[in-house]
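Subject: Structure for you to look over

Hello,

Here is the structure we talked about handing over. My notes on it follow below.

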Amino acid sequence: MDKRLNAFLAVARSKSITAAASSINLAQSSVTKRIAALEAELRTPLVHRDRRGMSLTKAGEAFFLRAERIEREYHDGLEEIDVIASAGLSELKVGAGPVFHLNWVAGLFSKLNDQFPDLKLDLKTVHNENMANLLKSGELDVYLGILSETEVDS
């Protein structure tokens, strides 16, 4: 996550540069510089400094709500990527209709292999089986082709 945003969130939550610096393992001067850089970028003060600590300005309060949302999205993204990278698919079972497997599967598999070299790709092109049933049963992860309206469920 952005270093300035992280520092801002720590200050907003702790209401103190000292406590914020401690919570994110930085020197007080680094936290101060990051807050100043963020305020310069936004062209408005976000925190009000006084002898008792810090409080958020009106702009700071508004930005804090957005910053928390950004932090949540960032952490959700990390979690999602971790699932894909570590515990994600080890095998992708792909069904393809005749036109699709002849025209597009080779290029698609090449790109998938480049991006996910450990992913095993299994292609099923048998045309006399009901591909929709294979999808529903989990025998296929993806089908590249056309399904009739009677084969499609919600």
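Glu-39 is the residue to begin with: its relative accessibility is 12%, so Glu-39 counts as buried. Glu-39 belongs to helix 3. Apart from neighbours within four places in sequence, the contacts of Glu-39 are Thr-44, Pro-45, Leu-46, Val-47 and Arg-49. Please keep in mind throughout that this is a predicted model.

Overall layout

The protein has 7 helices and 5 strands. Read from the N terminus, the order of elements is α-α-α-β-β-α-β-α-α-β-α-β. Of its 154 residues, 25% count as buried. Taking contacts between residues at least 6 apart in sequence, 56% join residues at least 24 apart.

Helix 1 against helix 3

Two packed helices are described by the angle between their axes and the distance between the axes. For helix 1 (residues 3-14) and helix 3 (residues 28-42), the axes come within 8 Å and cross at roughly 110 degrees. Helix 1 is therefore roughly perpendicular to helix 3. On the helix 1 side the contact is made by Lys-3, Arg-4, Ala-7, Phe-8 and Val-11, and on the helix 3 side by Val-31, Arg-34, Ile-35, Ala-37, Leu-38 and Glu-41. Sorted by class, this contact has 7 nonpolar and 4 charged residues, with no polar ones.

In soluble globular proteins, nonpolar side chains tend to be buried together. The largest nonpolar core here has 21 residues, and those touching the most other members are Phe-8, Val-11, Val-31, Ile-35, Val-47 and Phe-63. At least two residues of this core come from each of helix 1, helix 2 (17-23), helix 3, strand 2 (53-56) and helix 4 (58-87). Helix 1 gives the largest share, 7 residues. A second, separate core has 7 residues, among them Val-94, Phe-109, Leu-112 and Leu-119.

Leaving out neighbours within four places in sequence, Val-11 is in contact with Ser-16, Ile-17, Ala-20, Val-31, Ile-35, Val-47 and Met-54.

The hairpin

Strand 1 (residues 47-50) and strand 2 run antiparallel and are joined by 4 bridges. Together strand 1 and strand 2 form a hairpin, with 2 residues between them. Within this pair, His-48 stands opposite Ser-55 of strand 2.

Strand 3 (residues 91-96) pairs with strand 4 (residues 120-124) in the parallel sense over 5 bridges. Leu-92 has Leu-121 as its bridge partner in strand 4, and Val-94 stands opposite Leu-123 in strand 4. Strand 3 is also joined to strand 5 (residues 142-144) by 3 bridges, again running parallel. There, Gly-95 stands opposite Tyr-143 of strand 5.

Regards

Notes. Residues numbered from 1 in each chain as written. Predicted model: local features only at pLDDT ≥ 70, side-chain atom pairs only at ≥ 80, totals over all residues. Heavy atoms only, no water. Axes fitted to C-alpha atoms, helices over the stretch in contact; angles between N-to-C directions. Parallel < 35°, antiparallel > 145°, perpendicular 65-115°, else oblique. Contact = heavy atoms within 4.5 Å. Nonpolar A, V, L, I, M, F, W, Y, C, P; charged D, E, K, R; others polar. Pairing = 2+ DSSP bridges. Buried < 20%, exposed > 50% of the residue type's maximum accessible area, 1.4 Å probe, protein only. Core = buried A, V, L, I, M, F, W, Y, C linked by side-chain atoms within 4.5 Å.
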